[in-house]
Amino acid sequence: MQSLIETQFPIARLSAESYKERKGASSQTLQKVGKWWGRKPLILVRAAILGMLIPAGVDPKRDREIFLKILTIDDDGVWMRCKPSSKRKLGREAFNSLSYSERITHCERPENSLGPDSKAWTEINTHLGTSASNLSELVFQLGERAFGHRPRIGDSFCGGGSIPFEAARIGGEAFGADLNPVAGLLTWASLNLLGGPESLQEEVRRFQAEKFAAARKQFSDWKIEVSENGDHAEAYLYCVEVKPEGCDYYIPLAPSWVIAEKFRVVAKWQRAPGSDRLQVEIAEVSQEELQLYKRKKGATIVDGRVVDPFDTDRSWSIEAVRGTRGLRNWTSEDVCPRQDDVFQERLYCIRWADSNGNRRYAAPDASDIQREEKVLQLLKDNFSKWQSEGIIPSKRISRGFNTDQPIRERGWTYWHHLFSPRQLLAHGVLRSQNVPSQLPEMYKLVASATSVGVCANYNSKLSIWIPHLAASGGIGAFAQTFYNQALNTLYNWGVRPLSALEDISSFDYLKPSASAFGPHSVKVADARELDEVCDIWITDPPYADAVNYHELGDFFLAWYEKSLARAFPDWIPDSRAELAVRGNADEFRPAMVEIYRNLARHMPDNGLQMVMFTHQNPAVWADLGMILWAAGLKATAAWTINTETEAAGLKTGNYVQGTVCLVLRRRTRSEPGFLDEVYPLVEDEVKRQIASMQALDEGSEPNFNDADYQLAAYAAALKVLTQYGSIDGRDVEHEVFAKRERGQVSDFQTVIERALGIACNVLIPKGLDAVWRDLTLVERYYLRALDIESRGERRNGMYEELARGFGVTDIKPLLKSDKANGARMYTPSGLAASNLAPVGSADQITALTKRGRGSSGAPHPFASSSLRHLLFAIRETAAADDSPELGRQYLRDTFGQTYWSFRERFVGLLEWFTELGNAADMQEWAEDAQAARILAGRLRNDHA
Ligand SMILES: C[S@@+](CC[C@H](N)C(=O)[O-])C[C@H]1O[C@@H](n2cnc3c(N)ncnc32)[C@H](O)[C@@H]1O
């Protein structure tokens with residue numbers, strides 16, 4: 001029997017909800033437990049589980065209505081979730097007239113609502129033949145029906161715990177496992193602390209609050225965060241300083257000296273008589289001067305070079321500053337630079353607040369420097385004791401792709417080197433407070449470990465200080481260490497006082513839900529070794545996601561490996577890098593096949609799997625498909641949900657990324673397939689898949705972008721292919737692992753690629769249906785590429801993917817820009833700058849000219865296409881101040897008698913180009929679009 005998700009999935013609404021949840025940043029439910037990279041949205045997990053448990057009925061429309069109700073993403077459900085203030089302000093009618101994404105900005109997230117109301121439950125139960133009054137009852141009953149018991153839902157790559165957490169929250173029996181003990185801890189904490197009874201949550205909160213209170217008392221006795229006049233520190237700003245060869249003073253380093261944009265506060269440096277250390281002045285500057293500072297006035301790190309602040313013509317490369325001998329590697333006792341180290345560190349500003357909350361930014365004075373020394377001394381007094389008790393890190397950094405960076409750039413070889421003495425002292429004092437609590441020992445260890453993990457993320461020497469208005473209101477704020485997925489060292493950074501740690505690292509209550517958590521368990525294990533049986537496996541493998549979990553996780557593990565070992569004696573407190581799946585290099589394919597074969601073995605015949613994969617590159621995705629196929633699974637459906645915003649700092653703008661959810665079952669029969677039979681089936685499936693997506697796209701809320709369509713084509717091919725155990729007598733596994741020459745592809749890949757070609761031909765730009773059939777492939781490519789450009793697509797990779805689909809090998813001469821995120825096609829007038837002048841025929845190009853040749857020097861098919869001539873005629877029209885005569889004459893001369901048979905097609909194309917000029921961000925087309933309009937008019941009225 002098919003499950004609902006194998007027939008449909010409410011992609012648009014789920015995308016909107018998932019995106020909102022992920023954009024919720026720190027309000028995300030599991031975030032407070034600790035950092036993990038790429039947590040999956042809980043609403044998506046919930047929908048996936050329910051979609052797999054609910055059987056598909058005979059009436060897809062009713063199925064959909066009921067499904068939306070269960071998730072409270074139907075119209076009534078959304079209204080129910082609408083916040084009272086918005087309800088009053090808007091009223092139901094105005095609310096309903098908004099698009100879905102607009103509506104949910106006024107709503108609680110579905111996970112925070114109490115679920116469907118009793119009226120909805122009546123409808124749900126009638127449709128499904130159940131008798132549930134909340135989600136966990138429903139899940140239980142659906143599980144009983146399908147598997148004979150409460151459904152067991154497993155995740156072998158549980159990471160930050162989204163999947164097991166949500167599975168348990170809606171009443172399933174959840175099992176989560178991960179190779180990494182940090183992931184194990186986060187998942188355990190999510191399930192047992194957040195998911196615990198209210199009284200337990202209360203006790204965890206009290207325990208953490210008391211620890212803070214005790215630490216605060218200690219700090220206040222020491223007087224290390226107050227000024228002479230009783231102001232409290234809110235932030236400490238530090239920077240690195242270096243004394244390059246030939247410079248007789250230390251240069252403090254920062255790419256910008258703006259401290260707080262709102263108050264126009266900057267740091268200015270001066271020579272100090274008789275000292276090789278510069279003096280800092282924290283100054284309030286005029287708006288004009290602030291603008292200069294924002295444009296790097298005084299910056300001492302510019303384009304990666306150290307610049308002399310007093311003579312900007314003088315600069316040194318970082319390599320030169322490090323010197324030929326390289327950096328001294330810090331040793332385990334070091335907590336700050338030694339006197340003769342290349343990189344020194346200094347405090348340059350403190351933000352103070354008085355008891356009324358009035359802020360001031362000040363350079364450190366003598367008493368501040370004394371307090372710095374006191375902090376260092378206090379740390380030294382406790383250092384070895386704390387290390388041996390596992391209260392602060394003592395572990396050496398294992399070398400790796402990301403972990404090499406702090407070693408190489410600063411000589412930091414132990415994890416505690418990534419923290420300043422003030423940070424180590426604060427975290428150490430906090431952790432070492434013994435406060436009485438009813439909590440079992442294990443819970444105390446976990447509550448304290450997760451809390452220090454969050455502190456470490458928000459308070460290390462890798463925490464950027466953000467002065468901007470947009471990001472921090474302009475008073476300055478601290479970023480997290482992992483604002484991206486790396487261990488980037490900084491030239492200047494912010495350090496939090498104890499008071500700025502409590503809020504971020506304290507446990508938050510879970511909003512009450514109407515249903516009871518199901519039973520759950522967590523394991524730290526290699527996915528190859530699991531022997532738990534689950535009815536449903538939902539996984540989000542690390543394959544090709546470019547996050548080195550095992551390296552980054554060590555940043556946290558270093559803080560609590562000893563407590564972890566005490567709390568979970570069966571867990572191996574090590575990231576076991578050698579077993580971690582990563583990349584998509586050949587050597588990880590067998591590991592992936594082994595893992596998925598193992599999972600397939602550990603599910604019942606009617607069990608289901610979902611593999612989630614956030615795609616960048618459809619080729620990698622196709623590769624994953626082959627792996628799953630070789631593991632004995634067959635794909636039954638694939639859906640793309642928009643879940644992710646791009647990692648901050650990499651790109652600007654509103655980028656969305658799709659997560660592909662591939663639904664799989666075990667391949668029970670291994671029927672042989674034959675390529676020539678497979679092609680027509682693939683073609684049908686691709687068309688069907690695209691048609692169903694287009695049908696969903698008809699409404700006001702577009703669901704899919706071009707990447708989604710292309711991906712859907714791959715998925716459709718996979719759905720057909722994976723039913724077979726062999727193709728043309730060749731075994732799948734053998735094909736997946738076969739060593740191939742570079743560029744050589746297997747038959748399987750050819751089928752998948754062919755699916756893309758089919759998709760390309762099915763996806764006709766709106767308004768070109770009538771002419772499409774008569775166009776050549778390269779003409780279609782140019783038009784489709786313009787079509788995606790006009791919808792804002794700028795990723796170069798998408799233009800390349802399209803080219804593959806249309807079989808166009810040389811797109812360079814057609815692209816005005818092939819920047820990674822700035823791809824654009826030439827306009828008709830712009831094409832003058834390309835080599836592709838219009839030429840009669842390929843023969844003529846060969847015979848006569850250099851014109852019309854592609855990047856390789858061979859004749860380019862676009863040069864002799866009729867479209868190219870038409871574009872030339874547009875350009876002639878534009879150049880003649882919109883007089884169409886020259887353009888028309890050109891076409892008549894070029895095409896002779898055939899002009900008349902081409903004329904209608906030309907008019908169709910010209911009309912399309914006219915429209916193009918109206919699309920957002922296509923201003924470049926304005927003049928040519930106008931010319932196209934006039935030329936179209938002229939051709940329409942042309943007579944022999
Ligand atoms: C993409 S993440 C999962 C994120 C998770 N779905 C969430 O919502 O937080 C992939 C996980 O696979 C884990 N992993 C890598 N190799 C593994 C292996 N051999 N066995 C089990 N887990 C592994 C990594 O530690 C990482 O946590």
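1. In this predicted model, the side chain of Asp178 has an N or O atom 2.7 Å from an oxygen atom of the ligand. A polar contact here is a pair of N or O atoms within 3.5 Å; within protein, one must be able to donate a hydrogen and the other to accept it, and residues adjacent in sequence count only if both atoms are side-chain atoms.

2. Two further contacts stand out. Trp36 places a polar side-chain atom 3.0 Å from an oxygen atom of the ligand. Asp526 has a side-chain N or O atom 2.9 Å from a ligand nitrogen atom. Alone, the ligand exposes 600 Å², and the protein buries 98% of that (Shrake-Rupley method, 1.4 Å probe; for residues, only the protein chains shown count as cover).

3. The ligand is surrounded by 26 residues (a heavy atom within 4 Å). Lys40, Gly160, Asp178, Ala527 and Asp540 are the closest. The shell holds twelve nonpolar, seven polar and seven charged residues. Ala, Val, Leu, Ile, Met, Phe, Trp, Tyr, Cys and Pro count as nonpolar; Asp, Glu, Lys and Arg as charged; the others, Gly among them, as polar.

4. Numbering starts from 1 along each chain as its sequence is written. Local features need pLDDT of at least 70, side-chain atom pairs count only at pLDDT 80 or more, and totals for chains, interfaces and linings use all residues, while side-chain values use heavy atoms, with hydrogens and water left out.
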